[in-house]
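This report concerns helix packing and strand pairing in one structural model. The sequence and the coordinates are shown first.

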Amino acid sequence: MATPAEPEQPPIEIPQTMPLLPIRDIVVFPAMVLPLFVGRDLSIKAIDEALASNRMVVLAAQRTLDVEQPKPEDIHSIGTVGMIMRMLKLPDGRTKILVQGLARAKVVEYLQTSPFYRVKIDRIKETKVTELTLESEALIRAVREQLDKIVGFGRVLLPDVLALVENLDDPGRLADMIVSNLGLKVEAAQEALETIDPMARLRKVNDLLAKELEVLSMQQKIQAEAKGEMDKIQREYFLREQLKAIQKELGESDERAEEINEFRKRIKDAKMGEKVLKEADKQLARLEKMHPDSAEATTVRTYLEWLVEIPWSKKTKDILDLKAAQKILDEDHYDLEKVKERILEYLAVRKLKDKMKGPILCFVGPPGVGKTSLGRSIARALGREFVRVSLGGIRDEAEIRGHRRTYVGAMPGRIIQGIKQAGSNNPVFMMDEIDKIGMDFRGDPSAALLEVLDPEQNNAFSDHYLGVPFDLSNVMFITTANLMDPIPSPLRDRMEVIPISGYTAEEKAGIAKSFIIPRQLTEHGVKASQISFTDAALQTIIGEYTREAGVRNLEREIANVIRKVARKIAEGKEPGAQIVPANVHRYLGTPKFLPESEQERDEVGVATGLAWTETGGDLIYVEASVVKGKGHLTLTGHLGDVMKESAQAALSYIRSREKNLGIKPDAFAKQDLHIHVPAGAIPKDGPSAGITMATALASALTNAPISKEVAMTGEITLRGRVLPIGGLKEKLLAAKRAGLKTVILPARNRKDIDEVPKHVRKGLHLVYAETMDDVLRVALKRSARSQDSGRPKPAAKPTLRRPARPLPVRPSARISP
């Protein structure tokens, strides 16, 4: 701690050059007297040089404390000129000096760096405050008050320092005095040393004192709380022991006996199975012999709590009224007839047979089509409890099976936790995002689900934490997924997959009118009489502001419109509004999506195909062009491997039919072919563009234009057969949306057309093609040619089968399955 020097000092002449002494853990201020211990060679030689001349030395702090041999750049440029008052050689080789700070100085130049530093300095002259202003006097008082509070918290300061602080009226000198005795870090003290203006320096000191005061206050609070907690624990311990002694004298039972009796009663009321009851009694007997405050007793107590709270025998009674269930499902969801039919079938069987295993359903579809909310509606229709857990991103098998009780903080898995949360052993248990389960060194959660979702095994599901079997056969498990590909085959095999495709524009409009608009009006406090949406306005919002399979973005856009109308109603500008196509842009801005553009004329080498994407159907245009070359085929447009192979198959078919198509014999030897699918930034893959690429090639080679009103989809073989495809509903919807009149489909997709709603098929001429000759006959506009000769006969009963509706695959952006 620095000691203040005598107040009155005669003026001392300070030379421009002198030795420099780098110091590591302290900052010296003018007018302060303090001892320093010096051990480095360059510092000792600097002191010897100073003692041999005028006893003056520059005291400058190092920037980095752990540097043993500091360079000029490691030393602060502003320090204090000090006078060496005394010097003492210590037995360990170090030197102890007593120095007094004289004045601030700035190092201008290093004249010598060995064997010690000699520097050229400029003395920094400080402004003397001759008369205190109102602000400076207030600041001085504030600093003194804060210093008194710090001393009150127990900070020790020399009485001489306190007395001098009370009598000093010079702001600069007062700031230096406090900083040098406060024990601050080197960086903060150096910052104060480099602040030349006295008032600015005192303000900085005031801020430092305020911060130090906060730290001391918090420290005292923490110490008081810790002491109070310790006193409380000791007091409770003595009271508890006294209470035990009193109860023993009175013959009363203690808390421990009451706890054991309470557990025994709850175990009996839980109506557990034989194996579970045996384990519960065993653990209760162990708890009875343990010390109540031991760590193991806490673990056993927690385990028993779980055992008695799980609904071993509690179940809800199913509502077996099929009409009431149908009404509830229709109230909550628009369309989704297949899912509703499956639930009603389950209820019908339950009505006929009391005991049956719960179904395990898997809803697969794009986001926003109502998979999760459908599970909640099913629970309401059945009169069961509903539990939902999200499996997305879990990587630890213990999330499903639970942790073993040997681990600290162990607990059951999500299945048992959900059953406990439901309070019954037959809830509707929804597991969302089953296709997003991960796997790492901690195990494979999807493998753990095999037991849960297997009706032949889950009647004795064993959680690692419980260690006893639990019957899950009464639970109706419903899983959801966006894609089927990531789900392992063994797990997929245990579930009944129900695809939920995207909604058509008409279906979205129906959902908006029946569900979305009433819900959003309620949430925004707007009456139905104050705002109305015309059918055309809804179609505009659906077509130009959303592009999705579900209705989430549609709900956001409708909410956006209602909010803007609600604001005008609240401001009194309008009593209400009618939303029509002409004013939709006023509420939602510029359209975000443009509808698929129709070709203006019949063109050579441009065929219109139909694609399936996660957000519904879409059009793709396949362009083919012929240039001089050597028979090479170029494919562009970010095509996947399957689509490239389809192009090769299409080319091989066209070459095999060159005579029937009227193609010159040397066309393939002297010309290159180029197939391009626009929107090159979007990855595309799948086999169903095969006939589209073959048609484009045939058109380009025969110079026959392709009808602009014809769209097509189908897989091609080398023999020219047209194989079935999936995503039929979405593709037909895309064709209808684009105003196309004719759609060419594989003949083997005729059986799937009944699943497409009538309003989608209305206005479309569907052509079923068995071979490519059937496709070219409809698509190409050219003079009649003989196409019957050499036509391959289709197989009567082909063994190759294709799904009527595709199970979604992992897409990049656009898929043509």
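The sections below treat the helices, then the strands.

The model is predicted: local features need pLDDT of at least 70, side-chain atom pairs count only at pLDDT 80 or more, and totals for chains, interfaces and linings use all residues. Residues are numbered from 1 along each chain as its sequence is written, and side-chain values use heavy atoms, with hydrogens and water left out.

**Helix packing**

Helices (H or I, at least four residues) and strands (E, at least two) are DSSP runs, numbered from the N terminus. Axes are lines fitted to C-alpha atoms, for helices over the stretch in contact, and angles run from 0 to 180 degrees between N-to-C directions.

| Helix pair | Angle | Axis separation |
|---|---|---|
| α17 (residues 505-524) and α18 (residues 535-545) | about 110° | 10 Å |
| α17 and α19 (residues 552-571) | about 45° | 10 Å |

Angles under 35 degrees count as roughly parallel, over 145 as roughly antiparallel, 65 to 115 as roughly perpendicular and the rest as oblique. Helices α17 and α18 are therefore roughly perpendicular to each other, and α17 and α19 are therefore oblique to each other. A crossing is right-handed if the near helix is turned clockwise from the far one by less than a right angle, and left-handed if anticlockwise. The crossing of α17 with α18 is right-handed.

Contact means heavy atoms within 4.5 Å. On the α17 side, A505, E506, K508, A509, A512, K513 and I517 meet D535, L538, Q539 and I542 of α18. By class, this contact of α17 with α18 holds six nonpolar, one polar and four charged residues. Here Ala, Val, Leu, Ile, Met, Phe, Trp, Tyr, Cys and Pro count as nonpolar, Asp, Glu, Lys and Arg as charged, and the others, Gly among them, as polar.

Helix α17 also passes α19 in a right-handed crossing. Residues of α17 that meet α19 include K508, A512, I516 and I517, and their counterparts in α19 include L554, E555, I558 and A559. The contact of α17 with α19 has eight nonpolar, two polar and four charged residues.

In α18, the buried residues (under 20% relative accessible area; exposed is over 50%, partly exposed in between, with a 1.4 Å probe and protein chains only) are A537, L538, T540, I541, I542 and Y545. Their cover includes α17, β15 (531-533), α19, β16 (577-579) and α20 (584-588).

**Strand pairing**

Two strands pair if DSSP finds at least two bridges between them. An open sheet of five strands has the order β9-β10-β13-β8-β14, with parallel pairing. Its edge strands, β9 (386-390) and β14 (496-499), each pair on one side only. Neighbouring strands of this sheet are turned by 20° against each other on average, direction ignored. Within the sheet, β8 (residues 360-364) and β13 (residues 476-481) pair over five bridges in the parallel sense, and F363 has T480 of β13 as its bridge partner.

Strand β6 (residues 95-112) pairs with β3 (residues 32-38) in the antiparallel sense over six bridges, L36 having I97 in β6 as its bridge partner. Strand β5 (residues 78-89) runs antiparallel to β6 and is joined to it by 11 bridges; G79 stands opposite A105 in β6. These two strands, β5 and β6, form a hairpin with five residues between them, and G93 in the turn has a positive phi of about 95°. A hairpin of four residues joins β6 to β7.
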